[in-house]
Amino acid sequence: MNKKILLTLAIIVVAGVLAVYKARWDEQTQTENIKKFLDFQTQILNKNIEEEKLSAMTVATLLAQNEHVKKCMGQNNRQMCLETLSEFTKTLSKVPIYENAKFHIHTPEMRSFARSWIPMYNDDLTNFRHLLAEAKNGVAAGIEVGRAGVFIRSVAPIFDDKKMLGSIEVLLDFKHLSDFFAQQGLDLFVLLDAGGDSPYQNSSDEGIIDGFHFVNKSYANLNVLPMLKDIKFKSGGFYQTDSHAFTVQPMNDAKGERVGYFVIYFNSDSKERNLAKLGVWFD
């Protein structure tokens, strides 16, 4: 009888150990699968950024050849340029990717001539606008920080009879990318380094996450913010807390210099994920 009891206890102990081992194995496997999933999403992010750069280049190239743009620059007529930019904004805003697009015309000396979103002009851009210098050799595109913040930008030179009149720029924000990931059940966060000699100074989106401007705070999932604040961004990589997983990727500008980070967030709990869409959040 004692042997039977001991055998039963032994089986129970072994079964318990195996159950614990299996649970840990399943947890580790799930973590690895989530990491692979987010690594794949990072590849998609990079691919989408390249596609948006090409879209911006296409529009910038077409606008640089627009007769109204050439005329207003040839006549040095800023009011005419502003009216032209206003028409571009109205027309292109009907297309989702260009919904929040901004436009900027520059002089050959790399000074601002007309901005579609604010009246500020004639400021010198030579110290921080790498793409403007690059565009003297042809259309250029990339992520770059300016006075308006960080955008996917493209700059195209404006020529008339081989004379360079200036350049025109298309600025795309990250809402279209955020919307794309939201449709996949993911969240994208765009963080720009704050402080230093950055041309962008805006206290309204600074300090929410220490050391960064929260670029897309107006259309991001702010429920994730408490966990986002705990990430050690300098080390980058993959982070997971319970069902909440993050992958962090450096955001590099057109010169290849890191200016911030992209963060992709995924909640592996499908119930919580679905409830989050309805505005319900679990701590």
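Tutor: We start with a term: two strands pair if DSSP finds at least two bridges between them. Helices (H or I, at least four residues) and strands (E, at least two) are DSSP runs, numbered from the N terminus. In β2, alanine 114 is the bridge partner of isoleucine 105.

Student: What joins β1 to β2?

Tutor: Strand β1, residues 102-106, is joined to β2 by three bridges, and the two run antiparallel.

Student: Before we go on, what kind of model is this?

Tutor: This is a predicted model: local features need pLDDT of at least 70, side-chain atom pairs count only at pLDDT 80 or more, and totals for chains, interfaces and linings use all residues. Residues are numbered from 1 along each chain as its sequence is written, and side-chain values use heavy atoms, with hydrogens and water left out.

Student: How many helices and strands does the protein have?

Tutor: The secondary structure comes to seven helices and eleven strands.

Student: And which order do the strands take in the sheet of five?

Tutor: That open sheet runs β2-β1-β5-β4-β3, with antiparallel pairing. Its edge strands are β2 (112-115) and β3 (140-146), each pairing on one side only. Neighbouring strands in this sheet are turned by 30° against each other on average, direction ignored. For such angles, axes are lines fitted to C-alpha atoms, for helices over the stretch in contact, and angles run from 0 to 180 degrees between N-to-C directions.

Student: Which helix lies across β1 and β2?

Tutor: Helix α3, residues 78-92, lies across β1, β2 and β5 (163-172), at about 40° to β2. Contact here means heavy atoms within 4.5 Å.

Student: What about the other sheet, what order does that have?

Tutor: Six strands form an open sheet in the order β7-β8-β6-β11-β10-β9, again with antiparallel pairing. β7 (206-209) and β9 stand at the edges with a single partner strand each, so one side of each has no neighbour in the sheet. The twist from one strand to the next averages 35°.

Student: How many bridges join β9 to β10?

Tutor: Five bridges join β9 (residues 237-241) to β10 (residues 244-252), and the strands run antiparallel. Phenylalanine 238 stands opposite threonine 247 in β10. The two strands form a hairpin with two residues between them, and aspartate 242 in the turn has a positive phi of about 55°.

Student: And β10 with β11?

Tutor: β10 pairs with β11 (residues 258-267) over nine bridges in the antiparallel sense. There, valine 248 stands opposite valine 263 in β11.

Student: Changing topic: how many disulfides are there?

Tutor: The count comes to one disulfide, defined as a pair of cysteine sulfur atoms within 2.5 Å. Cysteine 72 and cysteine 81 form it, with sulfur atoms 1.9 Å apart. The torsion about their S-S bond is about 90°, so the disulfide is right-handed.

Student: Are those cysteines buried or exposed?

Tutor: Both cysteine 72 and cysteine 81 are buried. Buried means under 20% relative accessible area, exposed over 50%, and partly exposed in between (1.4 Å probe, protein chains only). Of the 283 residues of the protein, 42% count as buried.

Student: How many aromatic pairs does the structure hold?

Tutor: It holds nine aromatic pairs. Rings of Phe, Tyr and Trp (its six-membered ring) pair if their centres lie within 6.5 Å; planes under 30 degrees apart count as stacked, over 60 as edge-to-face and the rest as tilted. One of the pairs is phenylalanine 88 with phenylalanine 103, whose ring centres are 6.1 Å apart and whose planes are at 65°, so the pair is edge-to-face.

Student: Where do those two phenylalanines lie?

Tutor: Phenylalanine 88 lies in helix α3 and phenylalanine 103 in strand β1, so the pair ties together parts that are 15 residues apart in sequence. Phenylalanine 88 is buried, with a relative accessible area of 10%. Phenylalanine 103 also counts as buried, at 1% relative accessibility.

Student: Last one: where is glutamate 99?

Tutor: Glutamate 99 is in the loop between α3 and β1. At 41% relative accessibility, glutamate 99 counts as partly exposed. Leaving aside its neighbours within four places in sequence, glutamate 99 is in contact with Leu92, Ser93 and Lys175. Glutamate 99 and aspartate 173 are 74 residues apart in sequence, yet 9.2 Å apart in space, C-alpha to C-alpha.
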